[in-house]
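Biologist: Could you take me through this model one step at a time, giving the cut-offs behind each term as we meet it?

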Amino acid sequence: MSEVKFSKEHEWIKMDGDTATIGITKHATEMLGDIVFVELPKKGSSVVKDGNAGVVESTKAASDIYTPVSGEIIENNQSIVDDPSMINADPENKAWFFKLKTKDKSEMDSLMNKEEYDKFAKESGN
Amino acid sequence: MENIKTALYNLHQKQGAKFVPFAGYEMPIQYSDGIIEEHKFTRSQAGIFDVSHMGQLFIKDREKLVENLEKIFPIDLQNILLNQSKYSFLMNQEAGIHDDLIITKVKGGFNIILNAACKNQDFEVIKKLLNNRYEMILHTELSLIAIQGPEAVNIIEKTIKGPSSLKFMNGNLFKYLDTDIYITRSGYTGEDGFEISIQNEKVEVFVQKLIDNGAKMIGLGARDTLRLEAGLCLYGHDINIKTTPVEANLKWAISKKRLISGGFPGHERVNSQIESGTKKIRVGITPENRIIAREKTKIYNEENKVIGEITSGTFGPSVQKPIAMGYVDSEFSNIDIKIFLEVRGKKYPAKVCKLPFYKKSYVKGAK
């Protein structure tokens, strides 16, 4: 089981070989409130570390989703597009956003582990 | 300056409120259930709203008060019944809206409910227009609570005897413990419901009783989605000092008799706009896709020309689709006209539609 890492933009990322699965954290969903819409990057498109990779809209506001690593999108999760409330219900498991084939695994190094992220989320308070 | 806490602050905290600063107050945006659940609970059961931040202005009656208030508000106050409420506006000379408000004739004068962000300025404007001749009290010792939803009538009747006999936009005093409290059948969610004006020191116990009888606290987040589904304007967003009641599609609130008699600020502009139409007008809008067009979203016609702007937009939890209101050039205001909304750089198709998005269920009929 590979380690899950976290970004300052409140995404989680799980590596499996060259494939990264990315979603948003429970803390992020608590800040956003009820999510009612999600837009995901297209399969086959390229995304760049810290670049825009979709949008989530809650009843309160729209927020951009950033990718914590670069790569090519190989799959996006249509089930959360059809039922965005899944993201609030199970953000760190079933409601993953997209999978990508990574270009440079060293991009993972700057990300936080669970303990560091929990501390960051608590301290940032936002 | 620190934000004001309402008398229900501790109760909000106990109920798991998330607070936001709003018009100088620390107000609950939502509780632990979240906006969608709170919204649906209000539509199916009954929600309690702390609206104590709103202004409760009393103007004491003495000679010629009715005549002088008619020089301010475009409604027929000569014929308003005791305990009857009317929706109205405070306007400037160009018919721009200073505030929208509810005015109720009560024993000994008039009660006016004002928006929180406007109340202090309204007080000064009204005082000046009345030449400082009347006693005016902006109550700070009173809280204001709304209970809204199909169960509101049963829950309030269990808590205090009598209000179930009220009709929509009517009020009265009701005995509660050792005092009388003023209750109107009104609200801003599209549901049947009541607004209760009660002393600060009594409000927490009163609201706890409403909760014990089956109601739940609802935050400002769901208040916004509820009023938008009901097609109701939010001051500072859908209406402001630069929009007139006619442009806002609210001319129904201006008394026909007063359109003829005039004498209120903005009368000439209102009349000419009613006669020859307005350049822009407020309409309901439904995006065809699952996109949310929020405030300031640009509206385009099929020729890619900007024809207006969204003033409120959200996802409607009861209608289960994105909804919005905004102003468009009047030639594009017909129902079903195809328009485009620019969201995050892309243009999405949408249609002008009828308001409200959600059918209102007021308990009407003359008292």
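Predicted model: local features only at pLDDT ≥ 70, side-chain atom pairs only at ≥ 80, totals over all residues.

Modeller: Residues are numbered from 1 along each chain as its sequence is written, and chains are lettered from A and ligands numbered from 1 in the order in which they are written.

Biologist: In what order do the elements of chain A run from the N terminus on?
Modeller: Helices (H or I, at least four residues) and strands (E, at least two) are DSSP runs, numbered from the N terminus. On that basis there are 4 helices and 9 strands in chain A. From the N terminus on, their order is β-β-β-α-β-β-β-β-β-α-α-β-α.

Biologist: What is the radius of gyration of chain A?
Modeller: The C-alpha trace of chain A spans about 35 × 35 × 25 Å along its principal axes. The radius of gyration is taken over C-alpha atoms, and the globule rule is 2.2 Å times the number of residues to the power 0.38. For the 126 residues of chain A that rule gives 14 Å, and chain A is as compact as a globular protein of that length because its value is close to this, at 13 Å.

Biologist: Which residue in the turn of the hairpin formed by strand 2 and strand 3 of chain A has a positive phi?
Modeller: Two strands pair if DSSP finds at least two bridges between them, and strand 2 (residues 11-16) and strand 3 (residues 19-24) of chain A run antiparallel, joined by 6 bridges. Within this pairing, I13(A) has I22(A) in strand 3 as its bridge partner. The hairpin has 2 residues between its strands, and the turn residue with a positive phi, of about 65°, is G17(A).

Biologist: Which residue of strand 9 of chain A stands opposite A20(A)?
Modeller: Strand 3 of chain A also pairs with strand 9 (residues 98-102) of chain A, in the antiparallel sense and over 4 bridges. In strand 9 of chain A, the residue opposite A20(A) is L100(A).

Biologist: Which strands stand at the edges of the open sheet of 6 strands in chain B?
Modeller: Chain B has 9 helices and 20 strands, and the open sheet takes 6 strands in the order 11-12-13-10-4-14, with mixed pairing. Each edge strand has a single partner strand, so one side of each is left without a neighbour in the sheet; these are strand 11 (171-176) and strand 14 (216-217) of chain B.

Biologist: Which residue of strand 13 of chain B does L142(B) stand opposite?
Modeller: Strand 10 (residues 142-148) and strand 13 (residues 193-199) of chain B run antiparallel and are joined by 7 bridges. L142(B) stands opposite Q199(B).

Biologist: How many residues of domain 2 of chain B are in contact with domain 1 of chain B?
Modeller: Chain B is divided into domain 1 (1-232) and domain 2 (251-353), with bounds that come from an automatic or database domain assignment. The domain centres, taken over C-alpha atoms, are separated by 27 Å. Two residues are in contact if their C-beta atoms, placed from the backbone, lie within 7 Å. By this rule 23 residues of domain 1 of chain B touch domain 2 of chain B, where the number in contact is 20.

Biologist: Which residues touch the most other members of the largest nonpolar core?
Modeller: A residue is buried if 20 or more other C-beta atoms lie within 10 Å of its own, exposed if 12 or fewer, and partly exposed in between, with C-beta atoms placed from the backbone. A nonpolar core is a set of buried Ala, Val, Leu, Ile, Met, Phe, Trp, Tyr and Cys residues joined through C-beta atoms within 7 Å. Of the 121 residues in the largest core, those that touch the most other members are I48(B), I145(B), I147(B), V328(B) and I339(B).

Biologist: Is F41(B) buried, exposed or partly exposed?
Modeller: F41(B) lies in helix 2 of chain B and, leaving aside its neighbours within four places in sequence, is in contact with G47(B) and K216(B). Because F41(B) has 19 C-beta neighbours inside 10 Å, its class is partly exposed.

Biologist: How many residues of chain B are in contact with chain A?
Modeller: On the side of chain A that touches chain B, strand 4 (35-39) and strand 6 (52-58) of chain A each supply at least two residues. Chain A has 9 residues in contact with chain B, and the number in chain B is 12.
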